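Subject: Structure handover

Hello,

My notes follow below it.

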Amino acid sequence: MALNSVKETFAHPVEGTSEAATGDATAPPVDVLISGAGPTGLVLGIDLARRGVTTLIVERQGTLSPGARGTGIQPRTQEVYDDLGVLPAAHAASGLYPPMALWEDGRIVRTHEMVERVAPTPSMPYADMRMLPQWRNARLLHDRLCDLGGSVQLDTALTDFTQDDDGVTVRLTGPDATVRTVRARYLVACDGGGSIIRKQLGVRMTGPELAPGHAVLADLRLDGLDRDHWHRWMLSNGGFLGLLPLAGTDHFQLLAAAAAEPDTSHEAVRDLIATHTHLTRDQVREVLWTSLYRPKAGMADAYRHGRVFLAGDAAHIHSPAGGQGLNTSVQDAYNLGWKLGQVLRHGAPDALLDTYGTERRPIAADILATSTRLHRSGSLRRGRELHQLTIGYPDSPLTRELRTDLPEDARTAGDRAPDAPCTTADGTPTRLFDALRGPHFTVLALDAPDLDTPALTKAAGSTPLHTVHVGGPTPDLLDPDGHLRAAYGTTPAVFLIRPDGYVAVAAPPEQATSALTEALRTHFGAAPDAA
């Protein structure tokens with residue numbers, strides 16, 4: 001069966017793809033309908049496609065997301081892209097942020113690094129935030145989705161829906177006001193801060209109050225500025241105007257904060273630049289896209305409502321300060337995707353889906369507090385505390401730490417599973433991330449040769465489970481330079497690593513078989529003798 005089994009007659013393929021619309025009025029229901037084809041919906045679609053979950057992704061706009069918008073992809077998001085097969089293209093199309101240059105009287109008066117540079121380590125191979133315009137980010141994700149057999153239906157708006165015990169019935173309006181009804185087992189709202197789905201559910205957004213204000217966002221082609229700096233001018237009204245050269249393009253991104261609501265027309269943008277910088281109107285060669293931003297912050301009171309889930313900006317809205325919104329949204333999709341896959345394809349209990357909100361909502365609350373603090377301070381500086389590498393789920397019902405007397409800096413259950421350069425048994429260089437990559441669980445057995453692998457395989461049922469032995473008489477990986485043990489500890493232990501790269505269970509070898517068997521049967525899948 002094709003990964004996208006419903007292709008309505010009003011489906012419009014994304015420009016540049018060869019897929020044509022097909023009509024199939026008798027197509028069976030899809031597993032998951034995703035409303036919104038921004039980075040959140042596309043990441044979720046990719047993750048579900050590689051799990052064999054049938055999806056339908058609809059986008060009300062006629063194109064993928066225009067505009068550079070949020071440009072930063074944090075190191076943790078790069079790890080997600082590595083797993084999903086997007087990272088090589090994302091790295092090729094992105095770049096590092098240049099130093100900030102402050103202009104006065106037509107000249108640069110000082111420069112400073114706005115984005116902290118961090119050296120990679122064996123456990124943290126992606127150490128710097130990368131600049132990737134959101135329109136290009138979306139296209140790279142879409143390309144990967146198409147590689148996996150998926151597609152996006154553009155010009156297709158979700159107008160209303162109803163749900164029952166077995167699924168969700170969704171009404172879609174396509175081009176020329178064509179209306180169709182689609183049945184899905186689950187619906188995921190990735191339709192942004194103004195989410196129609198959230199509003200129809202009647203879900204409240206609560207959060208801190210931000211001082212009223214406005215900002216103009218625009219993508220431009222212009223002359224008269226170097227591309228080695230992020231250029232900034234302070235305005236007499238207390239605002240600022242910034243022009244960022246966008247990596248991999250000949251574009252600049254304009255961000256201009258203003259006290260009053262500004263005009264976002266192309267001519268007004270030219271006037272804005274000519275008024276507050278040394279550039280002339282004629283040096284603004286082309287205005288490609290504009291938008292008006294109003295500061296908002298809030299979080300949905302709940303992320304799950306029966307068979308409907310909220311993700312990304314539909315679930316939480318952040319100030320752009322700190323570059324957290326898009327990245328948090330990607331993590332939402334990455335957390336929800338494997339759980340939907342386990343329930344739909346591997347017999348996991350429905351309660352596993354409840355942990356999506358249990359795990360992600362506290363993370364969003366913390367990030368909301370951080371981005372709000374940065375917004376109020378007016379600081380644009382972005383350091384390693386924003387890289388999202390220290391996010392974990394130690395208090396999740398899916399997390400069990402069974403070892404005792406651990407050192408304070410030990411890798412424990414709930415933590416992100418770090419990378420480590422190592423070799424295969426024949427000495428071929430590899431990385432632990434190579435073993436973790438893919439839609440499977442991983443058992444990492446560190447000096448635990450007596451682990452009962454057949455028992456774990458039986459407990460996992462149809463859930464894909466890979467076991468990786470480090471040390472012992474028949475190792476899968478060798479640790480010649482000690483990087484793996486530096487990351488996971490020198491004491492023998494067994495780790496169950498979730499598909500999203502977090503440690504679910506950590507146990508001493510003598511307890512590992514029973515602990516991992518219980519976790520697999522209870523939370524993650526139906527064992528053959530327990531189905």
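Ala184 is part of strand 10, residues 179–189. Strands here are DSSP E runs of at least two residues, helices are H or I runs of at least four, and both are numbered from the N terminus. This is a predicted model: local features need pLDDT of at least 70, side-chain atom pairs count only at pLDDT 80 or more, and totals for chains, interfaces and linings use all residues. Residues are numbered from 1 along each chain as its sequence is written, and side-chain values use heavy atoms, with hydrogens and water left out.

Back to Ala184. Its relative accessible area is 2%, so it is buried. Buried means under 20% relative accessible area, exposed means over 50%, and partly exposed is in between (1.4 Å probe, protein chains only). Not counting residues up to four places away in sequence, Ala184 touches Val30, Asp31, Val32, Leu33, Gly167 and Val168. A contact here is heavy atoms within 4.5 Å. Ile34 is 150 residues from Ala184 along the chain, yet their C-alpha atoms are separated by 9.7 Å.

Now the rings. The structure holds 10 aromatic pairs. One of them is Phe309 with Tyr356, edge-to-face, at 6.2 Å centre to centre and 70° between the planes. This pair links distant parts of the chain: Phe309 sits in strand 19 (residues 308–310) and Tyr356 in helix 8 (residues 351–377), 47 residues apart. The cut-offs: rings of Phe, Tyr and Trp (its six-membered ring) pair if their centres lie within 6.5 Å; planes under 30 degrees apart are stacked, over 60 edge-to-face, and the rest tilted. Phe309 and Tyr356 are both buried. Ring pairs also join Tyr186, Tyr303, Phe309 and Tyr356 into a cluster.

Two arginines sit over rings. Arg307 lies over the face of Tyr186, 4.8 Å from the ring centre. The charged end of Arg227 is over the ring of Phe252, 4.9 Å from its centre. To count, NZ of Lys or CZ of Arg must be within 6 Å of the ring centre and within 35 degrees of the ring normal.

Last, strand 4 (residues 100–104). Four of its five residues are buried. Strand 4 runs antiparallel to strand 5 (residues 107–112), with five bridges joining them. Pairing requires at least two DSSP bridges between two strands. Two residues lie between these strands in the hairpin, where Asp105 takes a positive phi near 50°. Strand 4 also pairs with strand 13 (residues 230–234), in the parallel sense, over four bridges. Met100 stands opposite His112 in strand 5 and opposite Trp230 in strand 13.

Best wishes
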